[in-house]
Each structure stands twice: as C-alpha cells, then as structure tokens.
Amino acid sequence: MRLFVGDDWAEDHHDVEVMDGSGRRLAKARLPEGVTGMARLHAIIGDLIGDDADDAEVLVGIETDRGPWVAALVAAGYTVLAVNPLQAARFRDRLGVSGAKSDAGDAHVLADMVRTHDHELRPVAGDSARAEAVKVAARTHKTMIWERTRHTQRLRHALRDYFPAALQAFDDLDAADTLELLGKAPTPAQAARLTIAQISAALKRARRKNIAEKATAIQAALRSEQLGQPDVVAQAYAASVQALLAVVGVLNTQIKVLEGQVDAHFGQHPAAEIILSQPGLGPVLGARVLAEFGDDPTRYASAKARKNYAGTSPITRASGKKKLALARFVHNDRLIDALTAQAFNALLRSPGARAYYDRQRTRGAGHNAALRQLANRLVGILHGCLKTGTLYDEATAWPGSAHKAAA
C-alpha cells in the first residue's frame, strides 16, 4: 500500500492532503505546527494504513528540506521528497489555468506531484548531525558577511553625500581603524582636526603597517577641500553614520565569533581532511562547500549529478539545427558563491587549475565563463576524492598538465 501526502507549509500550520495511487483523496486537514500537528498527522496516516503498516509506504511532498518538522517526518520512516517551489508552481499550472491559489490547493498539487513523479524528485538527504551543524554555522556566518556588506554600502552612500573626503582617506570602511576614526570624528570639521598622533594610534591598534606614511596620507585627505553640506545637515548625517558604524562594529565581532564556530564544527567532520586538501579551499570555504553539498554518501549518483546540483555544469537548449550550451541561472546561490571563490583561489595554488583556466580563455571564454568551467571541473575532482576517500593529488587531478606547462 502506498500513500501520497502533500504538505503545504505555512508559518504556523501545515495543510495536508493524502491520496492513494489512483489519485483519490483519502484525507485532508489543517494541522498546527509542532508536536500536536505531527501527532495528528501520524494518527491520520495510521487510520488509513490500519493493520498493513509493515507493507505500507508513505511518500511526503513538501517545499523545504530542513527544520524540525521535516526531521520528524524522516524519523517516522516516511519518504520525504523536497519539491522545489518553482517545480510546484509549474505543476500547478498544468492542473489549472485560472491562476487560483490556496494552501489546500497547494497540498493537493504536492500530493499529486509525488504520486505521479516521485521517481523524478529528490528525497531529503540523510545528512549527519555534524554536517547539519556545519551548515547552520556556515550559513549564518555568510549571512552576517552579506549583512556587513549591505551596511557598509549604506555607509559609503551616506559619506558620499556629505563627507566625500572620508572615502578618499579610508580604503576599507569596515576596518577597525576606519570605524574608530569615523566614530571619533564623524563630521568633516571634526575629522580635519584629527592629529597625526590620534590617527597613528588608531592604525597601530588595527595592526597596520607603514603607520607614519598612512597617517600622513589620511590626514591630508581629511583636510583637503571638498564640497560639503550645511552644519545642521552634516550633524544629521553624522548621527546616521555613527549608527551604521555601531552596526558594522557588532557585525565584525560576531563574524569573528562565528568563524571560530565554523572552524570548530568543520574540523570535527570526517570529510574535513579531504575537503581541505582541495586547491583553493580553506576551513571557511571548505565548510560552506560541505554544508551545501551535505554528506549523504548516496545523494549524488555520479560526478555529473553533483555538478548539476552545484549549478556549475551548463544546460543545453536545442531546437532544430540550433543548439546552445548556457550557464545555469537557477542554482544554490550559497554553493555557487563558494565554488567560484574556490576556483579563483585555485588559480594561484594549482598549476593544473591555472592551465585549465588559461585554455578556456584561449578558446575565447570570458573570465567568468572560464572560472565557472574550472569550478565545474573542481567539483568533479572533489566528488572523486570523496567517493574514494582519498586526498587531492595534483598529478592525478590534472594528468599531463605539468608536461604541457613545461612545453
């Protein structure tokens, strides 16, 4: 006996529908989030299965692959299929063209999609608790970095509007010395009164090099003639900038704390040594790659499957005599970000990677396209190392590259 469950998750409840193999609705309900809702779902399925529990299979379609609800479904022995929201939306259009949408209707769509296309849907990966811990820490760490970038850009725009000299004086707006000096002198008039000794002290605390030279350059930039705003407007901007400086300072501190957590969790994972042996991957980037790929050994049937999931492999569009190979624009943003950074770093650390990149450029590929192709190749190498449990070896990964480089 097979039961197919569509689970449309909202913020505080789940709309579920259960159907049999013929598409006949057997039950539907709106369940609260948490233990109570899960108990009611078990009761509904238990009543439908009856005495055939040993021979029953329950497949659940849901538009997420994480969280305590999904973990409870997996723990109950159900086969949980994570459905991409884009897939569900397109499948909904096949069942009706009116454009109508409801939570109960989405549950029906998910149940019917699982019933007819379960062979094409990916089960939720059976990642280990250690990999899940790495994912939580690595994702939060990266999110904090993205938030710091946003606030730094806001700071840059504010300074451009009333204090352009600061943008000439400071290269890194999120650096410790910049935060200290701008916090001490947030207006052009105050900054112009900063002494060499004050600037040098801030640079020293930030562990900068060539302090005397940099202090002189910063003071000169802060005292240069610039277009400005009336004092009252400058004071208002200064208050806004100080608020942004405080936020960036807190983000800097928490990013450093989370980096330690990422390193600690990743260092305890069994695959850490293999991942760190890959060119261009350190503890943080390696943790991000592990977090997004997961560590379920059965998740990727081949290197091609891993590349497709990574979004580094091209997609083909063919019609008649026309055939194009294009980049995948639907992908895991966090994973492609980490893999692109790895490929860029590998250019300086792996002669084989550098030679491969140069060959793509020689064939006419642009920098981004060549980097993406290199990332795709590195994903395949990583897959082979993880599958065989071996560390990265330059000669094995790039056979003949040393000979070609010498030639």
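How many residues of strand β2 (residues 13-19) are buried? In this predicted model, where local features need pLDDT of at least 70, side-chain atom pairs count only at pLDDT 80 or more, and totals for chains, interfaces and linings use all residues, the count comes out at 7 of 7. Residues are numbered from 1 along each chain as its sequence is written, and side-chain values use heavy atoms, with hydrogens and water left out. Buried here means under 20% relative accessible area with a 1.4 Å probe, protein chains only; strands are DSSP runs of E, at least two residues, and helices are runs of H or I, at least four, numbered from the N terminus.

In a regular strand, side chains alternate between the two faces of the sheet. For β2, H13, D15, E17 and M19 point one way, H14, V16 and V18 the other, and all are buried. On one side, β2 pairs with β1 (residues 2-9) in the antiparallel sense over 6 bridges, pairing calling for at least two DSSP bridges. A hairpin with 3 residues joins β1 to β2. The strand β2 also runs antiparallel to β3 (residues 25-32), with 7 bridges between them. E17 is the bridge partner of G6 and stands opposite K28 in β3. In the hairpin of β2 and β3, with 5 residues between the strands, G23 takes a positive phi near 90°.

Then there are the helices. α11 (residues 231-267) and α13 (residues 283-293) pack at about 65°, their axes 9 Å apart; axes are lines fitted to C-alpha atoms over the stretch in contact, and angles run from 0 to 180 degrees between N-to-C directions. Contact (heavy atoms within 4.5 Å) involves E259, V262, D263 and F266 of α11 and P283, V284, G286, A287 and L290 of α13.

Technical notes
Buried < 20%, exposed > 50% of the residue type's maximum accessible area, 1.4 Å probe, protein only.
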